[in-house]
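This briefing concerns the pockets of one protein model. Please look at the sequence and structure before reading the points that follow.

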Amino acid sequence: MTSTRAAGPDTASASPGPAEPARVDVPLGDRAYPVLVGPGVRHRLPEEVARIGARRVVVVSTRPPEWTPDPGVPHRVVPARDGEHDKTLATVEQLCRAFADFGLTRADAVVSCGGGTTTDVVGLAAGLYHRGIAVIHLPTSLLAQVDASVGGKTAVNLPEGKNLVGVYWQPRAVLCDTEQLDTLPAVEWRNGYGEIARAHFIGAEELRGRPLTEQITKCVALKARVVAADERDAGLRHILNYGHTLGHALERATDFRLRHGEAVGVGTVFAGRLAGLLGRIPADRVDEHHDVVAGYGLDTLLPDGVDHDDLLAFMRRDKKSTSGLSFVLDGPTGPELVADVDEAAVRAALADM
């Protein structure tokens, strides 16, 4: 069901947001956009909608009404659900039909208000509808704030693998309201910390023990630099997938019982083990992979019952794999995509875990 509202006061806006939230700009020329981080920044949505000139908005939200901000123009709220099982082409079709039913045009905009799967699905729907309309993300999970909402990658899953159908479609703004995180269960914090842990090995500063806003901002700034240098994943941007090849396979092999960030944490430890077996990094750097992931309270071993043959099959279908088994691995000059990795080494690293 959907609900339609005229522009009006936000029921969750009793207190104004901070005057000066942390800001990171994603420098993509005339498609550059701001990422604002801090408590209350969701209340800046009307300002961002006005800045891009949108006349009408569809807000796709997984949050209750008091946490779903009013965009300040005539709009419709479309309830949604976070989760990998709804990250499908069927959901994209449902959203596009809701956009059409509300009469959205290229002069209008879509707003996502949810976790990482919601930003992925809504971003893809916005990129396809009318061959692309403006989208603003209000990520409500730690994982979405540190990673999924920034960079313009959108995708949905197929039974054959994760994120196999998608487009690059940059948002017009991202509002990371840290107040939205106050209601997160423990599993969602772990989900986000998995992405923060992997950032340690691709150029982020030591973030363990830092204030939350700083952790989010540093991760976003790192991603913004990488995306600005390689928007379409031709080279450098591969490093953002550190830990993700095994991570995605674990998600599929466990039918998403293992959350994305948790799986990426395990995948990060695996990347260290594999790089060590291949002689790319010394033993102390291998140990650092374990210690950093464990330092965020994350599991460092494969979950019970996963079949290594199944994991190898999923990893071969990874979207980065153009030549055999491919992984982003640490090395003497830093992380890089390594293609055609020997299967025996991969099996040995899995056995170590």
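Helices (H or I, at least four residues) and strands (E, at least two) are DSSP runs, numbered from the N terminus. The model is predicted: local features need pLDDT of at least 70, side-chain atom pairs count only at pLDDT 80 or more, and totals for chains, interfaces and linings use all residues. Residues are numbered from 1 along each chain as its sequence is written, and side-chain values use heavy atoms, without hydrogens and water.

**Terms**
- On a 1 Å grid over the protein atoms alone, a pocket is an open set of points where a 1.4 Å probe fits, with protein on both sides within 12 Å along at least five of seven lines; lining residues have an atom within 4 Å of a point.

**Largest pocket**
- Its lining consists of 50 residues, and Lys87, Gly116, Asp120, Ala148 and Asn163 lie nearest its centre.
- Strand E9 (161-168) is among the elements that supply at least two residues of this lining, and E9 gives the most, with 5 residues.
- Because domain 1 (22-184) and domain 2 (236-352), with bounds from an automatic or database domain assignment, both give residues to the lining, the largest pocket lies between them.

**Second largest pocket**
- The second largest pocket is lined by 18 residues, with Ala80, Arg81, Thr91, Gln94 and Leu95 nearest its centre.
- Strand E5 (75-79), helix H2 (89-102) and H3 each contribute at least two residues to its lining.
- H2 provides the largest share of the lining of the second largest pocket, 5 residues.
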